[in-house]
Amino acid sequence: MTKLGFQLYSARNFQPFSAIFPQLAKAGYTHVEGYGAMYASLDDAGLASLRAELDSNGLTMPTGHFGLDMLEGDAGRALKIARALGIEAIYCPYLMPDARPTDEVGWFSFGKRLQEAGKPFRDAGLVFGWHNHDFEFATLRDGSTPQEQILAGGPELSWEADIAWVIRGKADPFAWIESYGKRITAVHVKDIAPAGTNTDEDGWADVGHGTVPWKDLIAALKPYGVAHYILEHDNPKDIGRLITRSIASFNTY
């Protein structure tokens, strides 16, 4: 059975994480994914303490998000964090609106930029890739999308596919899986609430309690040997509910 991980960004409003880790372990999660802000202020002792907490709860952190500023400006620190926490795959998670290119040439160049930023991490034996939102699926003037241009400009980039954001970008996730499945090394497992519901949770839902056809998606992804499936919810109001209901649903797929 595929094991489910948990993106700790989902619990950012329910810290301390020391209270979250036991809940995850009890519910059956085996790994977590870190994110940039949680590493920012950690010194060597802080990293060691975080690793010890994970170990004591039987959790690993094989994947992590790191901001582009650190990846490009302080790759050595990013590598140090990765080694301390056991991270094997690094994903750049976002590009602010005012930094986004406006045409296919710009997005292709951004893919090349990511390709270059990833070199020290690939050289160290880590997976390096891009995590999408919805803006990557807008149609550009030449008919392509930013996501296509990013992956073309960065031929060695892996893709952490956030399927629910693909859907919110009005794209067909099954078509994208068919075309780029070999590039997908991790998947964010999240769900979209029926239209007009869960407005206090930004329209997201616990996995299995929304509209995303996860059973069929898992079947479509299976041939590609995706290494990591990671639960995420951008704004849950009940973290215990999210943790328990989502893994219960996932385990039926």
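In this predicted model, helix α6 meets helix α8 through E104, W107, F108, F110, G111, K112, L114 and Q115 on the α6 side and P146, Q149, I150, A152 and G153 on the α8 side (contact: heavy atoms within 4.5 Å). Seven nonpolar, four polar and two charged residues make up this contact. The axes of α6 (residues 104-117) and α8 (residues 146-153) come within 7 Å and cross at roughly 45°. The crossing of α6 past α8 is right-handed. Helices are DSSP runs of H or I with at least four residues, and strands are runs of E with at least two.

Residues are numbered from 1 along each chain. Local features need pLDDT of at least 70, side-chain atom pairs count only at pLDDT 80 or more, and totals for chains, interfaces and linings use all residues.

Helix α11 (residues 214-221) buries W214, L217, I218 and L221 (buried: under 20% relative accessible area; exposed: over 50%; partly exposed: in between; 1.4 Å probe, protein chains only). These buried residues fall within an arc of 100° seen down the axis, so they line one face of α11. K215 and A219 are exposed on the other side. The buried residues of α11 pack against α9, α10, β7, β8, β10 and α12.

A cis peptide bond joins Q15 and P16, with omega about 15°. P16 lies in the loop between β1 and α1. K170, not a glycine, has a positive phi of about 65°. K170 sits between α9 and α10 and is exposed at 79% relative accessibility.

How values were computed
Heavy atoms only, no water. Axes fitted to C-alpha atoms, helices over the stretch in contact; angles between N-to-C directions. Left-handed = near helix turned anticlockwise from the far one by under 90°. Nonpolar A, V, L, I, M, F, W, Y, C, P; charged D, E, K, R; others polar. Arc of directions from axis to C-beta.
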